[in-house]
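Hi everyone, thanks for making time this morning.

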Amino acid sequence: ALTWTHGAHTFKFGADIEHFYKHSYFVTSGRGGFTFNGQFTGNAFADFLTGGIRTSANGLGDPNQNPYTTASGLYAQDDWKVSPSLTFNIGLRYELFEPQKERVDKLDTFDLNHGTLLDGQGQAYSVDSVTGALVQVGTANLGDTIYNEPHKNFAPRFGFAYRVTKDNRTVIRGGYGIFYDQLVVGNGLYQNFGLGPPYVLVKNYTNTTTNAPSTWSNPFPAGVSAGSVSPFGVNPNLPTPYRQQWSLGVQRELIKNLLLDVSYLGSNGEHLPLRYNINQPTPGAGAIQARRPYPAWSTVTWLDDVGTSSYNALTVRLERRYANGLTFLSSFAYSKALDLGTTASSGTSPQDPRNFRAEWGPATFDARLRYVGSVVYELPFGRGRRWLRSSPGWLDAVAGGWEATGIVTLQSGSPFNVTT
């Protein structure tokens, strides 16, 4: 970073580059997974004791994953002191996030145009209509990444501070900025980098009271249909998620060392990544598979930039700067957070991927009312203090230098979903 001061301007220029790498060894049902529901004996534990398996699952494939990516940025900023009472902060940042890659090209994504699963080795897959097994149906040049590199990540910033009164006890502050968020290695994309089909397959077997091929002696029988395949996919033109943030506030020193701050804070999230099932069957009569957009497949989990969010808050803060052994901070926020769902890595999915607006509502972290108070009080005992100011060294070591601290947090409850 470089800093150059010229007259009323202080210019700052800088750059940064970061390389991210992750290795994970993630096993799904590697030693088998089993459920029991009491369908054979009327009691789930009794089914377990007698070998009455309801479902069994077995994960096959290489669970190693080695994704990596690089992020770089450039920025320029000018702190301009227009007058003794007015200061502007003007800046621009550019972010370049390279698409994630995998050390040995263990990539996969779903092709919407052809209804096939593509991998980093140039193969295309579908599902055999008779056996339900994953089969190669051709070739495709996926390359070394599953989405394109975005090049328009410009992030302007602006802020100001204005001293209203001549006694310098009242200040108005405000600002606006755009902040980009990187899809970090593995977060929300781990299944597309070697931990999903075709590299890792989980075979599921279901027993009924009249047909029970899965037993303790042979829990994963060969030649038996092992359920359907659920691939993962990513929008190949996935943009970088970003957030617009803005604020406007007034600060006033009420008395010496006591500051009151009243501010409005707002933000808006765009292009937030969400996962959802693009192969959800349409409502109606008939077989479920026939009503899916891609009948050969089961769930097709798709990652796209359909998420949005909104946050608005009024905050009031009262702060006593340290004086006479006492400092405290008391803050209250009245806020509202809305979004279309949680993050791509949360595992949640919209109920209806054909109507995302129906998901718009309070965010899971929304707390309408929140108060936080903290205090630090230096006890007046020991040398140089009100009590025991002339105490000998041994007594000062025992009784002096003590502080009493406290923190209290109060907030309204979080939203919850009612399920039946």
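**Backbone, cores and surface**

Let's begin with Asp 105, which sits in the loop between β9 (101-102) and β10 (108-111). Please keep in mind that this is a predicted model. The phi of Asp 105 is near 60°, a positive value in a residue other than glycine. Most residues other than glycine have a negative phi. Asp 105 counts as partly exposed because its relative accessibility is 29%, between the 20% and 50% cut-offs.

Now please look at the loop between β14 (154-163) and β15, where you'll find Asn 168. Asn 168 is not a glycine either, and has a positive phi of about 60°. With a relative accessible area of 45%, Asn 168 is partly exposed.

One more backbone feature: Pro 197 and Pro 198 are joined by a cis peptide bond, with omega about 5°. Pro 198 belongs to the loop between β15 (170-180) and β16 (200-206).

The largest nonpolar core has 16 residues, and Phe 110, Leu 134, Tyr 276, Ile 278 and Trp 297 have the most contacts inside it. Two or more residues each come from β12 (123-127), β19 (258-277) and β20. Another core, of 12 residues, lies apart from that one and includes Leu 118, Leu 189, Phe 193 and Leu 303.

Finally, the surface. Val 262, Leu 314, Val 316, Phe 332, Tyr 334 and Leu 369 make a nonpolar patch of about 490 Å². Both β20 (301-323) and β21 (326-339) give two or more residues to this patch. Leu 369 is in strand β23 (residues 369-378), and counts as partly exposed because its relative accessibility is 39%. Thanks, and I'm happy to chat!

Conventions: Residues numbered from 1 in each chain as written. Predicted model: local features only at pLDDT ≥ 70, side-chain atom pairs only at ≥ 80, totals over all residues. Heavy atoms only, no water. Patch = residues over 30% accessible without salt bridge, like charges linked within 9 Å, V, L, I, M, F, W, Y side chains within 5 Å. Areas by Shrake-Rupley, 256 points an atom, 1.4 Å probe, with all protein chains shown as cover. Salt bridge = Lys/Arg side-chain N within 4 Å of Asp/Glu carboxyl O. Helix = DSSP H or I, 4+ residues; strand = E, 2+ residues; numbered from the N terminus. Buried < 20%, exposed > 50% of the residue type's maximum accessible area, 1.4 Å probe, protein only. Core = buried A, V, L, I, M, F, W, Y, C linked by side-chain atoms within 4.5 Å.
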